[in-house]
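Try each task before you read its solution.

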Amino acid sequence: MDIIDLQKLEKLNNQHVIKIVEETIQLCKPAKVTMITDSKEDINYVRELALNNGEEKKLKMEGHTIHFDGYYDQARDKANTRYLLSKDVDWGIKVNSIEKDKGLKEIYSFLDGSMNGKEMLVRFFSLGPNNSVFSLKALQITDSAYVAHSEDILYRPAYEEFKKLNGSPDFFFFLHSAGRLENGVSVDIDKRRIYIDLEKNRVYSVNNQYAGNSLGLKKLAFRLAIKKANEEGWLAEHMFIMGVHGPNGRITYFTGAYPSACGKTSTAMIPGQTVVGDDIAYLRKIDGVIRAVNMESGIFGIIHSVNLENDPVIYQALTTPGEVIFSNVLINNGVPYWGGMKKDIPDKGINFSGEWFKGKKDKQGKEIPCSHKNARYTLRLNELKNIDSKANDSGGVPVKAIFYGGRDSDTTIPIVESLTWAHGVFLGATVESETTAATLGTRGVRKYNPMANLDFISVPLGTYIENHLKFTKNLKVIPKIYATNYFLKDEIGKYLNGKMDKRVWLLWAEGRAYSEFEAIETPVGLIPKYEDLKKLFIRELNKDYTRVEYIQQFSLRIINYLKKMERMNKIFENIEMPAAFTEELKAQTERLKLAKTKYEEDIIFPFQFLDI
Ligand code: SPV
Ligand code: MN
């Protein structure tokens with residue numbers, strides 16, 4: 001470390017930071033150590049380093065770069081992500097863990113000398129807006145300039161904020177090494193590990209680059225935050241935050257939790273609305289109101305199917321000058337291409353498999369697509385024209401409604417409002433979703449995914465749900481809760497809804513927050529009336545919404561719902577859950593059974609509930 005970097009470190013006046021930096025140097029043995037402050041020069045240094053060391057390459061358009069992750073490093077590695085535990089914990093759900101001493105020994109052995117001949121970057125960030133009661137601080141050390149650059153786009157730099165810690169150890173620490181590189185990508189994938197120490201608020205990640213594995217501040221910090229939130233009585237959730245624009249200029253803030261690749265970003269980006277955040281929200285009670293901040297300041301979004309029609313705002317940002325990192329797409333002549341972009345795709349170029357040509361096969365004989373299904377873009381929210389004016393407010397935005405959703409082809413209706421807060425917590429806690437390309441492994445398998453957060457819950461499930469149930473205590477305004485499903489299909493496997501229909505669900509819920517629409521009570525909650533949706537489809541989408549469509553979408557598939565309740569009963573049989581949750585499960589099951597007997601049908605039309 002040269003004298004200027006040393007001074008930057010010393011100016012923080014924090015012995016804990018100094019000790020971590022010293023220990024990391026001893027362990028990882030970098031050739032050079034660079035401290036990155038919030039200055040333009042330092043941030044630009046990271047950007048240039050990523051280009052100079054080959055982790056990113058310039059594209060034709062000003063500000064655009066491409067980064068490739070290794071062929072086997074294209075998504076979150078759940079199998080090698082583990083909690084380091086010094087004693088056994090009954091989580092209720094299946095959680096990957098390893099005995100702490102054993103895990104530390106293993107990961108230290110992989111980190112030992114991992115930065116040989118490389119440059120170590122030391123960076124400081126705030127999770128949430130600077131100067132805010134919501135925010136947490138994070139120290140990131142990495143030998144990947146791509147990781148440091150991505151974090152610069154996705155989070156708020158906070159070297160100056162770290163000075164205000166006054167020597168306190170109250171920050172998260174993330175150590176990452178991409179390990180041995182060939183052609184700019186991590187190669188020792190068999191030694192890829194991500195180990196989380198919940199007791200010390202530290203995470204170690206080695207031999208990977210895919211952002212969900214490597215960036216400390218994203219899903220790794222999220223796991224630490226969930227534990228902290230549960231201890232302190234606030235919520236850290238896998239949620240977007242958006243401003244829904246109702247009639248007469250009214251803006252109503254919603255949050256929404258969806259599993260990865262199930263419509264979370266596309267909901268937050270629906271035309272006509274404004275975005276605060278698309279992935280992780282911190283929620284707190286302030287003066288009797290739930291308020292939320294985006295802990296990030298950018299988007300690491302899935303690029304597949306982003307096109308002018310489905311995602312006009314993102315598409316524009318991806319096709320005009322500005323700071324964007326593309327990852328794992330096809331590059332031809334300095335121009336990025338991806339599946340579903342609705343443009344002609346060249347039949348050769350460079351992609352995540354190296355030199356690519358149409359028809360290229362992998363080792364198993366499977367055709368390699370032009371871009372990976374989980375290929376991504378990284379950009380700052382303030383590059384987007386639909387950023388909400390309150391996106392960086394240190395006090396957050398007031399939350400009026402919460403959406404939960406999963407990828408469910410055969411059971412749950414497009415939108416339903418919960419009967420009460422506890423029923424809403426139950427609806428969120430019983431989300432099921434079919435697996436996607438966002439994690440390694442088989443796709444399309446139905447999995448239970450409470451609050452779309454199963455991969456990240458870092459406390460026993462019962463404790464996590466209890467924290468939600470009691471969150472409304474002393475609240476002046478209790479937000480409404482909605483369960484949504486954008487993926488319902490008919491009996492021949494055709495999707496029942498268009499991609500833009502979510503705009504109508506949002507606006508219906510927005511109106512409900514002011515009692516502007518009536519609803520029909522069913523065993524699973526309150527559903528919209530046909531007449532209201534018809535008006536909204538015309539107003540929002542200029543679309544004629546037929547009675548037949550309404551009936552197909554909102555009829556209750558009682559048999560499937562009862563099967564779902566059976567699956568839930570089985571899951572919760574062996575988990576210690578709060579009594580209020582168990583009662584909701586029982587009550588909803590009973591209501592469904594009663595309806596089945598009363599109507600003597602396997603599928604009940606929405607109109608039938610009107611004559612109760
Ligand atoms: C997700 O998979 O939920 C993401 C991307 O938001 S990442 O977690 O970074 O892989
Ligand atoms: Mn996510």
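**Exercise 1.** Which residue forms a salt bridge with Asp152, and how far apart are the closest N and O atoms?

*Solution.* Some ground rules before we start. This is a predicted model, where local features need pLDDT of at least 70, side-chain atom pairs count only at pLDDT 80 or more, and totals for chains, interfaces and linings use all residues. Residues are numbered from 1 along each chain as its sequence is written, chains are lettered from A and ligands numbered from 1 in the order in which they are written, and side-chain values use heavy atoms, leaving out hydrogens and water.

Step 1: the partner is Arg380, with the closest N and O atoms 3.1 Å apart. A salt bridge here is a side-chain nitrogen of Lys or Arg within 4 Å of a carboxyl oxygen of Asp or Glu.

Step 2: Arg380 lies in strand β26 (residues 376-380) and Asp152 in helix α5 (residues 145-154), so the pair ties together parts that are 228 residues apart in sequence. Helices (H or I, at least four residues) and strands (E, at least two) are DSSP runs, numbered from the N terminus.

Step 3: both Arg380 and Asp152 are buried, meaning under 20% relative accessible area, while exposed means over 50% and partly exposed lies in between (1.4 Å probe, protein chains only).

Step 4: zoom out, and Arg380 and Asp152 belong to a salt-bridge network with Arg47, Arg123 and Glu323.

**Exercise 2.** Locate the salt bridge between Glu199 and Lys100, and describe its setting.

*Solution.* Step 1: the two side chains meet at 2.6 Å, N to O.

Step 1: Glu199 sits in the loop between β12 (193-197) and β13 (202-206), and Lys100 in helix α4 (residues 100-111), so this bridge joins parts 99 residues apart in sequence.

Step 2: Glu199 is partly exposed at 46% relative accessible area, whereas Lys100 counts as buried at 10%.

**Exercise 3.** Which protein atoms are the donors of the manganese ion (ligand 2)?

*Solution.* Step 1: they are Lys219 (NZ), His238 (NE2) and Asp279 (OD), lying 2.2 to 2.3 Å from the ion. Donors are N, O and S atoms within 2.8 Å of the metal (3.2 Å for Na, K and Ca); water is not among the atoms, so sites may look incomplete.

Step 1: along the chain, the donors follow the spacing K-x18-H-x40-D.

Step 2: Lys219 is in helix α8 (residues 216-232) and Asp279 in the loop between β17 (274-277) and β18 (281-286), 60 residues apart.

Step 3: Lys219 counts as buried at 6% relative accessibility, and Asp279 is buried at 6%.
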